[in-house]
Amino acid sequence: MQGAEPFAHPGGPGGALVLHGFTGNPQSMRPIAEALAIQGLTVDLPLLPGHGTDPSDIVDKRWADWSTAADDALSDLESRCDAVVVVGLSVGGTLACWLAERHPEVCGIAVVNPMVEPPAESLRDLAKSMIDAGETFAPGVGSDIAKPGIAELAYPGLPLEAALSLFEGVAEVASGLATISCPVLVLTSIQDHVVPPSSSDLLVKSVSGPVEQVFLERSYHVATLDYDAEEVTGRVVAFARSLVGHEPAK
């Protein structure tokens with residue numbers, strides 16, 4: 001898909017791994033990645049498996065595919081940097097938390113409307129019943145944006161089997177939130193039609209390290225492209241700079 005390409009920037013010893021959400025792609029996080037690059041950080045914004053191409057490519061992908069890809073990207077970035085922060089939107093935030101739980105060397109995580117609260121059992125049952133009925137996709141959840149004329153380049157459908165696997169991953173992450181001891185920045189949209197704000201609240205009250213929560217009053221789920229995009233980017237950049245340093249590009 002044109003515009004869904006991954007982004008990488010070789011910079012200084014401070015690194016940032018930037019992760020997009022489920023059925024989305026790097027387009028939703030590119031403004032943040034580019035802003036971090038301008039500050040001189042070494043930045044990697046990968047395209048997660050099954051995303052950014054054709055919806056059929058995500059049907060057989062599972063939580064293990066995305067978490068492994070995120071882990072590999074972090075390892076590669078750490079091999080080139082002295083310190084790394086992880087930034088994520090939605091399920092990218094889920095992955096950021098998953099990484100922080102397993103890699104105490106991560107300097108900090110900045111997450112936008114992260115999905116860390118396990119979905120209700122009724123939602124899982126609904127997905128299973130649709131699969132039993134022969135359905136492969138449910139209506140899509142992409143492009144939840146308040147600002148007119150702005151769209152997220154996301155798949156039009158939600159892959160059901162992949163979503164069930166994702167829900168299992170979210171439950172795994174939720175069980176380990178208390179082990180996150182690095183600094184955490186949480187940006188939460190008050191109106192979110194994809195991930196309820198209570199998910200952010202769960203993260204804030206569960207982690208054991210320093211945490212700051214910022215509420216976004218004008219944006220929906222994809223706040224990185226919405227009315228509050230400038231504030232989101234600015235806060236993430238300031239957070240990253242405070243933890244890994246920077247050498248602004250001239």
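**Overall fold**

Residues 24 or more positions apart account for 77% of the contacts in the protein chain with a separation of 6 or more, a contact being heavy atoms within 4.5 Å. The model is predicted, local features need pLDDT of at least 70 and side-chain atom pairs count only at pLDDT 80 or more, while totals for chains, interfaces and linings use all residues. Residues are numbered from 1 along each chain as its sequence is written, and side-chain values use heavy atoms, with hydrogens and water left out.

- The protein chain comprises 7 helices and 9 strands, taken as DSSP runs numbered from the N terminus (helices H or I, at least four residues; strands E, at least two).
- The C-alpha trace spans about 55 × 40 × 35 Å along its principal axes.
- Of the 250 residues, 52% count as buried (under 20% relative accessible area, with exposed over 50% and partly exposed in between; 1.4 Å probe, protein chains only).

**Nonpolar cores**

- The largest nonpolar core has 47 residues, and Phe 22, Trp 66, Val 86, Ile 109, Ile 180 and Leu 203 have the most contacts inside it; such a core is a set of buried Ala, Val, Leu, Ile, Met, Phe, Trp, Tyr and Cys residues joined through side-chain atoms within 4.5 Å.
- Elements supplying at least two residues each include β2 (14–19), α2 (63–78), β4 (83–89) and α5 (160–175), and α5 gives the most, with 8 residues.
- Not counting residues up to four places away in sequence, Trp 66 touches, among others, Phe 22, Leu 48, Leu 95 and Leu 166.
- A second, separate core of 32 residues includes Phe 7, Leu 45, Val 214 and Phe 239.

**Largest pocket**

- The lining of the largest pocket has 32 residues, of which Met 115, Val 141, Leu 158, Phe 167 and Val 194 lie nearest its centre.
- The elements giving two or more residues to this lining are α4, β6 (137–139) and α5.

**Positive phi angles**

- Ser 90, in the loop between β4 and α3, has a positive phi near 60 degrees and is buried at 8% relative accessibility.
- Asn 113, in the loop between β5 and α4, has a positive phi of about 45 degrees and is buried, with a relative accessible area of 2%.

Technical notes: 1 Å grid on protein atoms, 1.4 Å probe; cavity = no way out; pocket = protein on both sides within 12 Å on 5 of 7 lines; lining within 4 Å.
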